[in-house]
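Here are my notes for someone opening this model for the first time. Have a look around it, then read on.

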Amino acid sequence: MPTDSDRTQQDALSEAVDLPLDRKREILAREALLGRDDWTVLGLKPGASAEAVKAAYFEASKVFHPDRYYGKNLGSFGARLDRIFQRLSEAHEKLITALRRSPPPPTAGSNAPRRSATGGKAAADPRAEERRARLARHPYLARGGQASALVEEAQRALRTAPDKALRMLEKAKSLGGAVARERASGLENEAKQQLGSQRAAEQMRAGEAAAQKGDASGAAQAYGRAATLDPARADAAYEAARWGLKVGGLLVEARNHAQHAVSLRPDHLPSHLLLAEICIRMGMGSVARRHLDAVLKLDPRNAQAKALLRQVR
Amino acid sequence: MSEQEPVIGIDLGTTNSVVAIVQGGQPHVIRNRTGQNLTPSVVAVTNAGKRLVGQLAKRQAITNPENTVYASKRLIGRKFSSDQIRRARESLPYHIVCGEHDDVRVQLGDKAISLPEISAAVLRELKLDAEATLGRSVSKAVVTVPAYFNDGQRQATKDAGRIAGLDVLRILNEPTAAALAYGFGKQVTGKIAVFDLGGGTLDVSVLEVAKGVFDVVATGGDTYLGGEDFDNRIIEMLVMNFAKEHGVDLRKERMALQRLKDAAERAKIELSELQETNINLPFLYTPPGGTSAIHLQASLSRSKLEELTRDLVERTVEIADKVLHEAQVYPDELREIVLVGGMTRMPAVQAAVKRHFQRDPSKGVHPEEVVALGAALQADALMQPSSQVLLLDVTPQSLGVAIAGGYNRVLIPKNTTVPTSVTETFHTSRDGQTTVKIMVLQGESELAHQNELLGEFILSGLRLAPRGEVEIDVTFEINSEGIVSVSARDKETGLEQSITVTASGGLTPDELKNILEQQADSMLEARISSEVEQKRSALSSAAAEVSALIPRVRQLTGSSEFGREALRRAEEVIASARAAAQGEDLSALTDWVEQLERTRVLFVGVLERLGARPQ
């Protein structure tokens, strides 16, 4: 005996629309899978790679995206295609996000002090925080007040959660009030710097991990990111240059990093040596010589500098 | 099967517009009737009441600043009371007035014209260009808008298409179009970023591309940051210096302002190639009282321009940074960076992009044409089932509903791939609440009133109950056309209310209908006047031919009674015909052309009979 869904499938197959029978069958078959897990919806086995997920999504889109049937009479199949494509894109999004998420960096250092800080404040006045929050949410409260409350909150969050602070500051600025806006702009720069150095620290750890594994290009990439995220970190610039030279990709980038490292720490001999080495490779002998001379001035017996100087000549 | 109707792609720009089409599988730019690829997005009405579009309109802008509209894209779909319009009114030489429902109109001559009508004039021009090139009528198009245009601005652009007699198949985001054209026919696989800095807007998009599928990952931008702002910095500097030197505020002089604008744009463009340029505007200001006119002479260096616009350039990369961050993409993951828009020719912009993305941007696309080519490709992809191109686009802004306390609850976050739909359950917020008002919002602010209100409706007949007990399902749906529909359903009773959100582009449906009807009338007028024009030229050439025959006829037959009579009558006919040519009466013109023709045949016959060869 045919079930309900069989019957609707039969009805759909006989529906007079601008679609070949094969395509109708394909659409109905995929529609029947929509309740299943994300892998099955995309036509994959669980555990496939991110690339496979992307490829399956793109292939399926070429069949099921409504634009492929623009201007055609689709009857009930129009809504079916919409449903299928939406589910496909959902499944793709979820799987890609899950697969891309790298293991979280060690957070022991950043988590512990945060907890103790809020704990301390709670002991002093258990409900102050809550009262302030409630007040800030009150719709009748002047918007300027809301803005300055947000600015204060952002200031507290600045060290521990700069990204959250940035969002709060942006909101505070949109709420208005000249004073709050000015303060928010000031704090915003600080928060950006803070966020940059936090993310730079993450990238430094990633770089160290990659370097230990012997993944030179991974290390170069991570150190490079760290150096751009936090331009004040001389160690990041130095490592980025060092690993960049090892990987042997674009030497210009390595040189820029090295130059930056030197300008941050003019007394750091390895930075000068590294820059000189890169310059020699790039055929910029005179620049290399200048830096080698600088090294020899600080340390007249530096053997590496002498060896490199010979290469220049 | 007959060949399919051609579908064109149009880049309706702030400064210039471009039209393109796919032929033989390849996209091409269609030249306009003056032989140019770019048509200035300028519309003007002359003192004689004639409407001009494109190059002709731009050329006369200096002498007719108050009736020449440029950069109208910065105004379309906005509210008259908005900040942007207030600022624009200070710097634009033409007059902006308020429409009936806080919409923006431009005073041209004695009429207040809506923005969709202005854009329609440009679109119609492009449509005619395409028809002239293709030799057949064109009624369908894909039109691009900045990714960051909201629903109102998109709707206004669609309305403009309708007024121009174009069925707009799809409104496409400019950076997406650029990516489409860039990636078309190449084996690009991976993530690419499009940095599109045009005359009025900045758009940044990140796409993932593989085998003809273009998946938009994230898009963002600023609808008020573009070349016009760079020009304005130069104008400000010139105005300030002029005021210091001569004590005259040029901003009050509309004609001077228009000339300054022209000169500023030209200087900016030149400084992309040169290190230094001169700005010479003779007779810029004539003081009242008949004293001699003041000239403006200044030089501008590239570094000075960079100094004047440093913060603008900085802002463009900040926005790019934000978009990448939202897309969770690191600069070094990008395969390519595509620069689009005329402003990306500026070396400082290229340097900032290079510094930010840490690589050289891709060369080899024409920044001003690539968007139109992409629009043509998408048009082709929609019409040709065999097309290998598929675009997976996203909603550029979040959609939500207003909730208690004046907040915005986002239901569909920005950068969600369309088509999509979401259902969320809400509860009543007051005791005994029997109605609920659903206000549909577009934007990123948490405060309801800071977002665009797309539409609202009321679900009534809820059961009397304490607050929080009645549950209402609200469903948002965006189909692949980008049309938003929202429905609310009382979970218990199944009572349902829904709307299709048609954001107002500034014109009410009635107003749009009126314009379309008037349009039909004026099209008729236009057709008649073009026939009159034809007859006039036929008349003048016929009259010239007859005049040329007269001396020889006189020479041969002037002595006879018949000859004198015929010549006298011919001269009469010519005089009357030329008089009629001054008028508009089509039937009179036709009569006189016939009479001239008869006279000509008569004279030619006479000359032949008398043995003289007619020339």
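The points below go from ground rules to chain A, then the interface, then some spots in chain B.

1. Ground rules. This is a predicted model, so local features need pLDDT of at least 70 and side-chain atom pairs count only at pLDDT 80 or more, while totals for chains, interfaces and linings use all residues. Residues are numbered from 1 along each chain as its sequence is written, chains are lettered from A and ligands numbered from 1 in the order in which they are written, and side-chain values use heavy atoms, with hydrogens and water left out.

2. Chain A overall. You'll find 16 helices and zero strands here; helices (H or I, at least four residues) and strands (E, at least two) are DSSP runs, numbered from the N terminus. Of the 313 residues in chain A, 40% are buried, where buried means under 20% relative accessible area, exposed over 50% and partly exposed in between (1.4 Å probe, protein chains only). Take the contacts in chain A between residues at least 6 apart in sequence: 57% of them join residues at least 24 apart. Contact means heavy atoms within 4.5 Å.

3. A helix pair in chain A. Helix α12 (residues 234-247) and helix α14 (residues 269-281) of chain A have axes that come within 10 Å and cross at roughly 35°. Axes are lines fitted to C-alpha atoms, for helices over the stretch in contact, and angles run from 0 to 180 degrees between N-to-C directions. On the α12(A) side, the residues are Tyr238(A), Ala241(A), Arg242(A) and Leu245(A), and those they meet in α14(A) include Leu274(A) and Ile278(A). By class, this contact has six nonpolar, one polar and three charged residues (Ala, Val, Leu, Ile, Met, Phe, Trp, Tyr, Cys and Pro count as nonpolar, Asp, Glu, Lys and Arg as charged, and the others, Gly among them, as polar).

4. Where the chains meet. How many residues does the contact take from each chain? Chain B gives 39 and chain A gives 33. Between them the two chains bury about 3,000 Å², with 46% of it on carbon and sulfur atoms; buried area is the accessible area (1.4 Å probe) that two parts lose on being put together, summed over both. Tyr330(B), Leu390(B) and Pro419(B) supply 18% of the area that chain B buries against chain A, more than any other three residues.

5. Around Pro419(B). This proline sits in the loop between β21 (407-412) and β22 of chain B, and the peptide bond from Val418(B) to Pro419(B) is cis, with omega near 0°. Thr420(B) belongs to strand β22 (residues 420-427) and is buried, at 8% relative accessible area. Beyond its neighbours within four places in sequence, Thr420(B) has contacts that include Gln86(A) from the other chain and Phe476(B).

6. Helix α3 of chain B. Residues 115-134 form this 20-residue helix, which reaches 29 Å from first C-alpha to last, close to the 28 Å expected at 1.5 Å a residue (the expected span is 1.5 Å times one less than the number of residues). α3(B) is mostly covered, with 16 of its 20 residues buried. Just after α3(B), Gly135(B) takes a positive phi of about 70°.

7. Ala71(B) has phi near 50° and lies in the loop between β7 (68-69) and α2 (83-91) of chain B. Gln358(B) has phi near 55°, in the loop between α10 (347-357) and α11 (370-383). Buried or partly exposed? Ala71(B) counts as buried at 3% relative accessibility, whereas Gln358(B) is partly exposed at 31%.
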